[in-house]
Amino acid sequence: MGDPVTEYTARLQQQEREIQSLSAEIESLKKPQNLGPSARLEELREENTKLKYRLNVMKRSLQEDSSHCGESMLNINQRLQDVFGEAIRTAYPELDNPPLTVTPNQQAKFGDYQCNSAMAMAQMLKAKGTKVNPREIAEKIVQNLPDNELIQRTEIAGPGFINIHLKKMFVSKLLNNLLLNGVQPPPLATRKKVVVDFSSPNIAKEMHVGHLRSTIIGDSMCRLFEFLGYDVLRLNHVGDWGTQFGMLIAHLQDKFPDYLTVSPPISDLQAFYKESKKRFDEEEDFKKRAYQCVVRLQSKEPDFIKAWNMICDVSRREFQRVYDCLDIKIIERGESFYQDRMTRVVKEFEEKGLVQMDEGRKLVFVPGQSIPLTVVKSDGGYTYDTSDLAALHQRLFEEKADVVIYVTDSGQGTHFQVIFAAGQMIGWYDPQVTRVEHAGFGVVLGEDKKKFKTRSGDTVRLMDLLEEGLKRSMDKLKEKERDKVLSPEELIKAQRAVAFGCIKYADLSHNRINDYVFSFDKMLDDRGNTAAYLLYAFTRIRSIARLANLDEATLRKAAETTEILLDHEKEWKLGKCILRFPEILQKILDDLLLHTLCDYLYELATTFTEFYDSCYCVEKDRQTGEVIKINMWRMLLCEATAAIMAKGFDILGINPVQRM
């Protein structure tokens, strides 16, 4: 059975079309004196009125269901957009796609949200030859607002802003729902398949600080999509194929001739790589052998595949150390996976007449793109262009992805632009239906604002950086004498939470498009918008219930029976801030900019501090320190704040601790 609201709406629209056509027929009759009321018209009008009434009743009950009974958190901004969208369509049916903007109000005196559509609508009407004052438009919108469960009142300000005041009871009920059901994502229309390509280091090379950004940003994007209910595939597109493996295998054969029977003790693959590169550049015989090794590897000779696997395994173990520290889950699917698929992709481009020969190379020119793709080199080998086309094809057709996101540095933006355009040109996907996007990021700078390097000018090894973070984090905790109040296990937990949390947060709290300055001192500062500040704030909020001797069962019972009062301005401000969480996530889903979540968590923590400083949660005897009174509704506001912060940390990949 279909959705009854949709069915009624469709019938209503059909009837209104019939009414219009009958009305037009009557108007067009030449002899008005012969005109009698059409029985069919009257019948339709009567049924139309009944349908409208039933539709409104159903809409009202649906609104109540969605706001009170649903376990999911409600996106208040989206709900207001629905309400104002309906009012605008009713007030101005002649406007196609009228602008709809609803934003939270920054100043409490202007209400909680604001609808700013009237000014833009005045421009649209003017373009159609009708001059209307925006304030009049705003008044007409307000007059046509449908019955709803969330708006207390509206007022028109300035040139035509509509200030919206929410009902306190509505906000209070949403907060109770949140406490009873936990932080649940808004319902999904369809569960889409999302592929995120991130981290992607090269085999036989150390992970460096550039991989840090891709790893942290990509992991957080995956966590967001997973929380919202999508089917997410996390892919590590490692560089595990190509000519460099020829020289590595040739060097392996020379240095460890019995490698097939005795596992070679390669601990420092970076040094091994440099040795083989030096020989490749200086020894002509070695160079020839290296090329022969590549051919034999590509022919999949068992001994060469075994050597290749050994080298890859050494790298994998190194990568895994980093992933374990940062709590990253990812599936390796390197360039080697696409070898056979590349041949098929080149064939498809050739069959569609999209390949041009140029001095032995096979090129694909994409309309509107300044550079062509090289799909086959003059020596018959494939390129990054070929493997990226094959990967895109595999993700769209085998994985059946609805969303594909590539998290790499912005320098690769043009390359991906051409790859995506080629995929559209050949008909693999329609950008209106499938979202394929490059989420680029800036470079990591040192405190001197130059590219982040070691003192000797080398790239910073990621593992060294993480170990330095652990050391500094412990120094900071000891400086604050936390080692005197925490058990050894708690201290280690706090050390890891602060070290890795601060490194992740410092990256994610900057707009990913910009370059960012890596500074341990700023990261570990517990003032301002840092993970250290937020982690301390979180443990403080969590400790309030402990100090009041309230256990989880008591708080849950209170959430079922206690109305959350929002009479104090700081209670009201905090309550609304907590409930903005779903709209923040929706914004990030649209633009993939995670710093918005960091800004929100910082705003939530500072709003909580304002509330806690102004509103007593627990009242104690000044002499004895005994608890005299617990203001339970305020304790519930503390719990709701902590629940949202915990989920925000989870999406950012940060592990908070109960004691710090």
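Contact here means heavy atoms within 4.5 Å. This is a predicted model, in which local features need pLDDT of at least 70 and side-chain atom pairs count only at pLDDT 80 or more, while totals for chains, interfaces and linings use all residues. Residues are numbered from 1 along each chain as its sequence is written, and side-chain values use heavy atoms, with hydrogens and water left out. Helices (H or I, at least four residues) and strands (E, at least two) are DSSP runs numbered from the N terminus. Two strands pair if DSSP finds at least two bridges between them.

**Domains and annotations**

- The domain assignment, whose bounds come from an automatic or database source, gives domain 1 (76-166), domain 2 (243-332) and domain 3 (469-652).
- The C-alpha centres of domain 1 and domain 2 lie 64 Å apart.
- An unreviewed UniProt entry places "domain: Arginyl tRNA synthetase N-terminal" at residues 78-166; UniProt positions follow the numbering used here, feature names are shortened, and annotations may be inferred rather than shown by experiment.
- Residues 78-166 are 39% helix and 21% strand, with end C-alpha atoms 14 Å apart.
- The unreviewed UniProt entry also carries "domain: DALR anticodon binding" at residues 534-660.
- That span, 534-660, is 69% helix and 6% strand, and its end C-alpha atoms lie 12 Å apart.

**The antiparallel sheet**

- An open sheet of 4 strands has the order β1-β2-β4-β3, with antiparallel pairing.
- Its edge strands, β1 (102-104) and β3 (151-157), each pair on one side only.
- Neighbouring strands of this sheet are turned by 25° against each other on average, direction ignored.
- Strand β4 (residues 161-166) runs antiparallel to β3 and is joined to β3 by 6 bridges; within this pair, Thr 154 has Ile 164 in β4 as its bridge partner.
- Helix α5 (residues 134-143) packs on the sheet and touches β3 and β4, its direction making about 165° with that of β3. Axes are lines fitted to C-alpha atoms, for helices over the stretch in contact, and angles run from 0 to 180 degrees between N-to-C directions.

**The parallel sheet**

- A second open sheet has 5 strands in the order β7-β6-β5-β11-β12, and the pairing is parallel.
- β7 (331-332) and β12 (435-438) are at the edges with a single partner strand each, so one side of each has no neighbour in the sheet.
- Strand β6 (residues 231-236) pairs with β7 in the parallel sense over 2 bridges, and Leu 235 stands opposite Ile 331 in β7.
- Helix α7 (residues 209-227) packs on this sheet, where it touches β5 (193-197), β6 and β11 (403-406); the direction of α7 makes about 165° with that of β6.
- Helix α14 (residues 413-425) lies across β11 and β12 and runs at about 160° to β12.

**The β8-β9 hairpin**

- Strands β8 (residues 355-358) and β9 (residues 361-364) pair in the antiparallel sense over 4 bridges, with Leu 363 in β9 as the bridge partner of Gln 356.
- The hairpin has 2 residues between its strands, and Glu 359 takes a positive phi near 50°.

- The 25 residues of helix α11 (residues 302-326) should span 36 Å at 1.5 Å a residue, and the end C-alpha atoms are 35 Å apart, which agrees; the expected span is 1.5 Å times one less than the number of residues.
- α11 packs against helix α16 (residues 488-508) at an angle of about 100°, with the axes 10 Å apart.
- The two helices, α11 and α16, are therefore roughly perpendicular (65 to 115 degrees; under 35 counts as roughly parallel, over 145 as roughly antiparallel and the rest as oblique).
- In this packing, Asp 324, Cys 325 and Leu 326 of α11 meet Arg 496, Phe 500 and Lys 504 of α16.
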